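Thank you for making the time this morning. I would like to walk through one model with you, beginning with a helix and then moving to the cores and the aromatic rings.

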Amino acid sequence: MSKLMNWKELPPCDTLAAKTAEAFETGDWRMGEKPVWHPEICIHCMICWISCPDSSVTVKDGKMTGFDYKHCKGCGICAKECPTKPNKAITMEKE
Amino acid sequence: MITVAKTGNEAMAEAMRQINPDVVAAYPITPATEIVMIFAKYVADGLVDTEYIPVESEHSAMSACVGAASAGARVMTGTSSQGLALMYEILPIASALRLPIIMCEVNRAISGPINIHCDHSDTMAARDFGWIQIFSENTQEAYDNLLQAVRIAEDKRVMLPIMVTTDGFIISHGMEKLEMIEDPIVKEYIGEKKPEYSLLDIEKPTTVGALDLTDYYFEHKMPVIEAMKNAKDVILEVGKDFEKKFGRQYGFYEKYKLDDAEFAVVVLGSASGTAKVAIDQLRASGVKAGMLKIRVFRPFPAEEIAKELTGKKAIAVMDRSDSFNTCGGPVFTEIRSALFDSQNKPSITNFVYGLGGRDINVEQIKNIFESIRNVGKVPVVNYIGVRQ
């Protein structure tokens, strides 16, 4: 853990820089299952990306590139919403 | 200066018009209703540029004030009693976020029993929330204090919310002579607000009011404590500057025939006017009576008050609310604590008076002086004006 600031080192007025959660691992309590991406099936529809409550679907140039497991909580919404048939491009698998 | 006749509420509404805040969020409550009602008319008539938010409760009013102030706006509101109580949850958030929100607070008894008249129980219950608290004796002080409040609260060394209080009905609805400063001079006097941060600043995005647990909560309270200490310097500076510009003197307190007094009362708000008459009468009959009228209750000018009161024979602290602690009202406990380190302590007695708007008159204040002249003969805490 980084060194704790004393009160004189704090940013003014109980403010913080924005987007600090990016640097903080919030996915460390994910239990049981994690989403696994199958790129050969994926049609890059972005339904998983827009459905993810934790912005954990990583995307580059409009194409899905996988998951950010540092922040993914394993809720399974992406796998549930994935529309490809007969096989899904995202499946939940044991950790 | 423009000489007019105004009630306390009208004077505060006029000051608000001259301050021309960016946002006002308020909910009506007796006896403060008029302040925001008159101001709402100014908004409707286009006399100010204010965004007026008519909210559904005082809880919402203070929440909207916090949001607007976080966005960098100069924000004002007005309330009283139960309305202030409904704001309590948000008040310490405003100070923790260092938002210089300015409130017109009309002192009114807290229910129950339900009552609409003056005592200080509402404001006193809000004394430990990191708000600066300034009391006014009359309409003129309410107006002057409100103008100074902008400068005090928004000073970079302070950045704390502030409430300027008047006494319900006695000041709020009592018409008096008021010396108003011309609009452009007020505009120049208060200046432009330069916020420390703004939620709307997309160049410098910030997270505001994040969760603090055992690791940072304590550290985040320290700057508020420090800002309160700074506020003492700033209040005096702003007072001196106000006196230089407009001729009326303001400090932490007003001394009335105090320097050579042997016996003194400590009073806040409108009752100090009554005390002045009582003191004049006592002086005429040879009693060395005096008064210290506290203007600034938060931050509490303990050292300064101790210097003024040390060496007196006896002090009566008049409290217009009770702490239900069985050992004296909130002003009394502060004053007694302030005098603890003094070498030549006076005897100190507490007189709780005027709850729920019960009248306090010259005769009663003279009786208080009579009581403390018989040092040791009266209890430490006394209740005057109550049938018993």
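Which residues of α10(B) are buried? Before I answer, please keep in mind that what you see is a predicted model. In α10(B), the buried residues are Ala271(B), Ser272(B), Thr274(B), Ala275(B), Lys276(B), Ala278(B), Ile279(B) and Leu282(B). An α-helix has 3.6 residues a turn, so residues three or four places apart point the same way. The cover over the buried residues of α10(B) includes the chain B strands β7 (162-167), β10 (253-256), β11 (263-268) and β12 (289-294), together with α13 (362-373) of that chain. As for its geometry, helix α10 of chain B, residues 271-284, has 14 residues and reaches 20 Å from its first C-alpha to its last, which is close to the 20 Å expected at 1.5 Å a residue. After α10(B) comes Gly286(B), with a positive phi near 95°.

Let me turn to the nonpolar cores. The largest of them has 73 residues, and those with the most contacts inside it are Ile132(B), Leu146(B) and Ile335(B). Helix α9 of chain B, residues 217-246, supplies the largest share of this core, with 9 residues, and at least three residues are drawn from each of domain 1 (2-246) and domain 2 (253-383) of chain B. Apart from this core lies another, of 26 residues, which includes Ala25(B), Val55(B), Ala61(B) and Met163(B). If we look at Ile335(B) and leave aside its neighbours within four places in sequence, we find contacts with Val266(B), Ile294(B), Phe300(B), Ile305(B), Leu309(B) and Val317(B).

Finally, the aromatic rings. Over all chains, the structure holds 8 aromatic pairs. In one of these, the ring centres of Phe135(B) and Phe297(B) lie 6.4 Å apart with their planes at 85°, and the pair is therefore edge-to-face, given that planes over 60 degrees apart count as such. This pair links distant parts of the chain, since Phe135(B) belongs to strand β6 (residues 132-135) and Phe297(B) to strand β13 (residues 296-298), 162 residues apart. Phe135(B) is buried, at a relative accessible area of 2%, and Phe297(B) is buried as well, at 0%. Elsewhere, ring pairs join Tyr189(B), Phe242(B), Phe246(B) and Tyr250(B) into a cluster.

Two charged side chains also deserve mention here. Arg17(B) lies over the face of Tyr42(B), 5.9 Å from the ring centre, while Lys345(B) has its charged end over the ring of Phe340(B), 5.4 Å from the centre.

Terms used: Residues numbered from 1 in each chain as written. Chains lettered and ligands numbered in written order. Predicted model: local features only at pLDDT ≥ 70, side-chain atom pairs only at ≥ 80, totals over all residues. Heavy atoms only, no water. Phe/Tyr/Trp six-rings, centres within 6.5 Å; stacked < 30°, edge-to-face > 60°. Helix = DSSP H or I, 4+ residues; strand = E, 2+ residues; numbered from the N terminus. Buried < 20%, exposed > 50% of the residue type's maximum accessible area, 1.4 Å probe, protein only. Lys NZ or Arg CZ within 6 Å of the ring centre and 35° of its normal. Core = buried A, V, L, I, M, F, W, Y, C linked by side-chain atoms within 4.5 Å. Domains from an automatic or database assignment. Contact = heavy atoms within 4.5 Å. Expected span 1.5 Å × (residues − 1).
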